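A short briefing follows, grouped by topic.

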Amino acid sequence: MKKDNLKYSLAVILFGTIGMFLRYIRLPSELVVLCRGVIGSLVIWAFVRIRGNRVDRSAIRKNLKWLVISGICLGLNWVFLFAAYLHTTVAIASLFNYLAPVIVVVIAPFLYREKLGWKKILCVVAAVIGVVLLSGVLSGTAAEVNWLGILFAFLAALSFVGIIFCNKKLDGINAYDKAIVQLAVSALTVLPYVIFNNWGTPLSLDLRSVLLTLMLGLLQTGFTYCLYFDTLGRLPVHSVAVLGYLEPVVSVLCSVFILQEGMDVLGWIGAVLIIGAAAVSELIS
């Protein structure tokens, strides 16, 4: 169990460093998303084959509708999140993206006729307060905030919500097969946009950007998803929920201490409120 905790923690920590490395990639964000989806799906497919397993095509056919929709949502989530990273700080983009579980809490009663209890209401209120504090409105720095970046981050969160709801519909398919299809569909989703947005524009490639893009696909997508899913089924649900929030914490720490993207006291309080609300909303759902 301790080994699984360490492997799962390593996976979410690696996820949390993506925004930091993206800062050093001088390529269109949609192209990075395309490369990440293609490389990641191939790495997971190779991992499955090396282990002597085969892709369950019947399970994929059975769940194809929701796999495709969730893959589209995944592609959109990455496009909006990567765009947010380029327009605002990594910390703000990551934290807004992690509003997704709280948004699910708000939407679920309308979709599933669930009762919105007082604990869930408190989570929503805490998250909203956190967003206000993080935005800079109360600290007088709102004029310096890139609202386009925040909009992209919020759209990323909405796409994340789509992934959550679609995954609830999946049945009888293992995590690796699911990841292979979703990553492949995410790549296909952004392919038309990549072609349209970059057609006729000379692509400037530098060695650092190419190597970091390959690293994002191999290490922080393919390898990390394998590590993530390899331990997911053996860990208790509460451990998965709690350890999963290492990702936004790592993103914030990388933003502040490595990228030197400052955050005031109110921003830190907002970060704690958003992460806490999102974590608690998952634990009580």
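How many aromatic pairs does the count come to? The count comes to 10 aromatic pairs, where rings of Phe, Tyr and Trp (its six-membered ring) pair if their centres lie within 6.5 Å, and planes under 30 degrees apart count as stacked, over 60 as edge-to-face and the rest as tilted. This is a predicted model, in which local features need pLDDT of at least 70 and side-chain atom pairs count only at pLDDT 80 or more, while totals for chains, interfaces and linings use all residues. Residues are numbered from 1 along each chain as its sequence is written, and side-chain values use heavy atoms, with hydrogens and water left out.

**A stacked pair**
- Phe80 and Phe152 are stacked, at 6.4 Å centre to centre and with 20 degrees between the planes.
- Phe80 belongs to helix α5 (residues 64-87) and Phe152 to helix α9 (residues 147-169), so the pair ties together parts that are 72 residues apart in sequence; helices here are DSSP runs of H or I with at least four residues, numbered from the N terminus.
- Phe80 is partly exposed, at 21% relative accessible area (buried means under 20%, exposed over 50%, partly exposed in between, with a 1.4 Å probe and protein chains only).

**An edge-to-face pair**
- The ring centres of Tyr176 and Phe229 are 6.2 Å apart and their planes stand at 75 degrees, so this pair is edge-to-face.
- Tyr176 lies in helix α10 (residues 175-198) and Phe229 in helix α11 (residues 207-232), so the pair ties together parts that are 53 residues apart in sequence.
- Tyr176 is buried at 13% relative accessibility, and Phe229 is buried with a relative accessible area of 12%.

**An aromatic cluster**
- Tyr176 and Phe229 form one aromatic cluster with Tyr8, Phe15, Phe47, Tyr225 and Tyr228.

Notes: Helix = DSSP H or I, 4+ residues; strand = E, 2+ residues; numbered from the N terminus.
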